[in-house]
Amino acid sequence: MNNRTLALGFGAAALGMLGLAFASKPLYDTFCRVTGFGGTTQVAEAAPEEVLDRTVNVRFDSNVMNAPVQFRALQTSMDVHLGEHGLAFFEVTNTSDRDVSLMASYNVTPHRAGIYYNKLECFCFEERIVEAGETKKLPVVYFVSPEMDADSNLADVRTITLSYTFYETDNFRGAAKSAALN
């Protein structure tokens, strides 16, 4: 093997690794969304038609990371049948004297239930602007898929915890989102 072939081989390998580095985050995000890995919840466009007798208790957890807001769930938990719509509300209050741009990250535990936890509507889908001193009531419409009942790995799951963490974003863009209930 001559030096030119070796150099081309190393160059191609380096470019390939660079391409994989740029593609890793979108690929990982897609993997988590499809498989529910790490407690990643699903986004659904419609609720299932079937509602089962089996119930799970859905608990709600709220956290704040480096943002001047108070954030809380307005209910601690609720029992829902598999396939049944659930509606939960959270409340966020901006405790500062400036408008704050927020985003919510989320997951469920146990992580293996993430693939069955579906959101129809959620404040976590997009950035929120909360004005200075403002309080917003934020809804989440969800269901736990009836398909969970057929998964033997989840036969022992009676409780699912939905956890949100609000954090301040650096890119304040435009007027406040209007999807929050006032």
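Predicted model: local features only at pLDDT ≥ 70, side-chain atom pairs only at ≥ 80, totals over all residues.
Visitor: How many salt bridges does the structure hold?
Guide: The structure holds four salt bridges.

Visitor: What makes Arg54 and Asp149 a salt bridge?
Guide: Their closest N and O atoms are 3.2 Å apart. The cut-off is within 4 Å, so the pair counts as a salt bridge. Arg54 sits in the loop between strand S1 (42-43) and strand S2 (55-65). Asp149 sits in the loop between strand S9 (135-144) and strand S10 (159-168). The two residues are 95 residues apart and link distant parts of the chain.

Visitor: Why is Arg54 called buried?
Guide: Arg54 has a relative accessible area of 14%. Buried means under 20%, so Arg54 is buried.

Visitor: And why is Asp149 called partly exposed?
Guide: Asp149 has a relative accessible area of 41%. That value lies between the 20% and 50% limits, so Asp149 is partly exposed.

Visitor: Why is the contact of Arg98 and Glu168 called a salt bridge?
Guide: The distance is 2.7 Å, N to O. The limit is within 4 Å, so the name applies. Arg98 lies in the loop between strand S5 (86-94) and strand S6 (100-109), and Glu168 lies in strand S10. They are 70 residues apart.

Visitor: How do you know that Glu168 is partly exposed?
Guide: The relative accessible area of Glu168 is 25%. Buried needs under 20% and exposed needs over 50%, so Glu168 falls in between. Arg98, at 39% relative accessibility, also counts as partly exposed.

Visitor: What makes Asp156 exposed?
Guide: Asp156 has 54% relative accessibility. Exposed means over 50%, so Asp156 qualifies. Asp156 meets Arg112 in a salt bridge at 2.8 Å, N to O. Asp156 is in the loop between S9 and S10, while Arg112 is in the loop between S6 and strand S7 (117-122). Arg112 counts as partly exposed, at 43% relative accessibility.

Visitor: How do you know that Cys122 and Cys124 form a disulfide?
Guide: Their sulfur atoms are 2.3 Å apart. The limit is within 2.5 Å, so the pair is a disulfide. The structure holds one disulfide.

Visitor: Why is the disulfide of Cys122 and Cys124 called right-handed?
Guide: The torsion about the S-S bond is about 130°, so the disulfide is right-handed.

Visitor: Are Cys122 and Cys124 buried or exposed?
Guide: Cys122 has 6% relative accessibility, and Cys124 has 3%. Both values are under 20%, so both residues count as buried.

Visitor: What makes the pair of Phe71 and Phe123 edge-to-face?
Guide: The structure holds 11 aromatic pairs. In the pair of Phe71 and Phe123, the rings are 6.0 Å apart, centre to centre, with 75° between the planes. Phe71 lies in strand S3 (residues 69-73) and Phe123 in the loop between S7 and strand S8 (128-130), so the pair ties together parts that are 52 residues apart in sequence.

Visitor: Why is the pair of Phe90 and Phe123 called tilted?
Guide: The planes of Phe90 and Phe123 are 55° apart. Stacked means under 30 degrees and edge-to-face over 60, so 55° counts as tilted. Phe90 is buried, and Phe123 is too.

Visitor: How do you know that Lys119 sits over the ring of Tyr106?
Guide: The charged end of Lys119 is 3.4 Å from the ring centre.

Note on methods:
Residues numbered from 1 in each chain as written. Heavy atoms only, no water. Salt bridge = Lys/Arg side-chain N within 4 Å of Asp/Glu carboxyl O. Helix = DSSP H or I, 4+ residues; strand = E, 2+ residues; numbered from the N terminus. Buried < 20%, exposed > 50% of the residue type's maximum accessible area, 1.4 Å probe, protein only. Phe/Tyr/Trp six-rings, centres within 6.5 Å; stacked < 30°, edge-to-face > 60°. Lys NZ or Arg CZ within 6 Å of the ring centre and 35° of its normal.
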